[in-house]
Amino acid sequence: QPGALPTVAFSTLKQDLARRDFSLNCLAMRIDPGHVGELLDFFGARGDMARKELRVLHNLSFVEDPTRILRAVRFELQLGFKMAPETEDLARWAMATGTFDGRGGERNKAELVRVLEQPQALRGLERLADLGALRLLDPGLRWEPSLAAEVERVWTQACALDVPKRWLPPLMVLLARVPDVG
């Protein structure tokens with residue numbers, strides 16, 4: 001079912017790598033005698049890395065695991081990569097279905113924290129909003145351009161004060177905008 005964790009079973013190396021999120025996570029290195037250090041690239045990861053592109057391995061990747069959208073944004077921030085156009089279209093499509101609205105889960109929350117820990121946390125929030133991925137946390141969560149200055153201000157203060165969980169103030173700013181249910 002969409003968003004469920006996979007059942008893991010014994011498989012070949014290529015089958016195992018095919019379950020990864022992005023091509024760049026599919027590189028393997030041989031360690032068998034006579035081939036030690038030989039790089040295996042079944043899915044075109046080297047080309048994607050040269051182009052600084054994130055590419056999912058199949059069309060239902062984000063439906064299988066919407067956390068991959070959050071991870072893609074984190075990789076964009078950390079690595080300076082950009083989602084390949086087809087991958088970005090698939091992320092937008094997965095979010096537009098509404099299947100995952102409000103189904104944040106611990107994995108999505110943990111990945112959001114990783115995005116908010118990045119020096120470009122503001123850019124990460126804007127990117128998640130652009131993709132419609134804030135809906136993973138709450139369907140009522142909306143990004144407003146006016147939030148940018150507030151998020152930047154609390155992020156800068158958290159860094160200056162060396163706040164241990166500097167991701168928390170930007171998250172609080174964002175969550176303060178969630179409409180009351182009652």
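Before I start counting, a note on terms: buried means under 20% relative accessible area, exposed means over 50%, and partly exposed lies in between (1.4 Å probe, protein chains only).

**Ground rules.** I'm looking at a predicted model, where local features need pLDDT of at least 70, side-chain atom pairs count only at pLDDT 80 or more, and totals for chains, interfaces and linings use all residues. Residues are numbered from 1 along each chain as its sequence is written, and side-chain values use heavy atoms, with hydrogens and water left out.

**Overall look.** I checked burial for the chain: of its 182 residues, 41% count as buried. The C-alpha atoms fill a box of roughly 60 × 40 × 30 Å along the principal axes. I then listed the secondary structure and got nine helices and four strands; these are DSSP runs, helices being H or I with at least four residues and strands E with at least two, numbered from the N terminus. From the N terminus, the order reads α-β-β-α-β-α-α-β-α-α-α-α-α.

**Contacts.** I count a contact when heavy atoms come within 4.5 Å. Taking contacts with a separation of 6 or more, 69% are between residues 24 or more positions apart.

**Cores.** A nonpolar core here is a set of buried Ala, Val, Leu, Ile, Met, Phe, Trp, Tyr and Cys residues joined through side-chain atoms within 4.5 Å. The largest one has 43 residues, and Phe22, Leu54, Phe62, Leu128 and Trp143 have the most contacts inside it. Several helices give two or more residues to this core, including α3 (61-64), α5 (85-96) and α8 (147-160). Which element gives the most to this core? I found that α4 does, with six residues. I looked up Phe22 too: leaving out residues up to four places away in sequence, its partners include Leu54, Phe62, Arg68 and Phe75. Apart from this core lies another, of five residues, among them Leu17, Cys26, Leu40 and Phe43.

**Cysteines.** I searched the whole structure for disulfides (cysteine sulfur pairs within 2.5 Å) and found zero. Cys26 is at 0% relative accessibility, so I noted it as buried. Cys159 has a relative accessible area of 33%, so that residue is partly exposed.

**Arg127.** I found this residue in helix α7. Is Arg127 buried or exposed? Arg127 has a relative accessible area of 11%, so I put it down as buried. Not counting residues up to four places away in sequence, Arg127 touches Val73, Glu76, Lys82, Met83, Glu88 and Arg92. Glu88 and Arg127 are 39 residues apart in sequence, and their C-alpha atoms are 11 Å apart in space.
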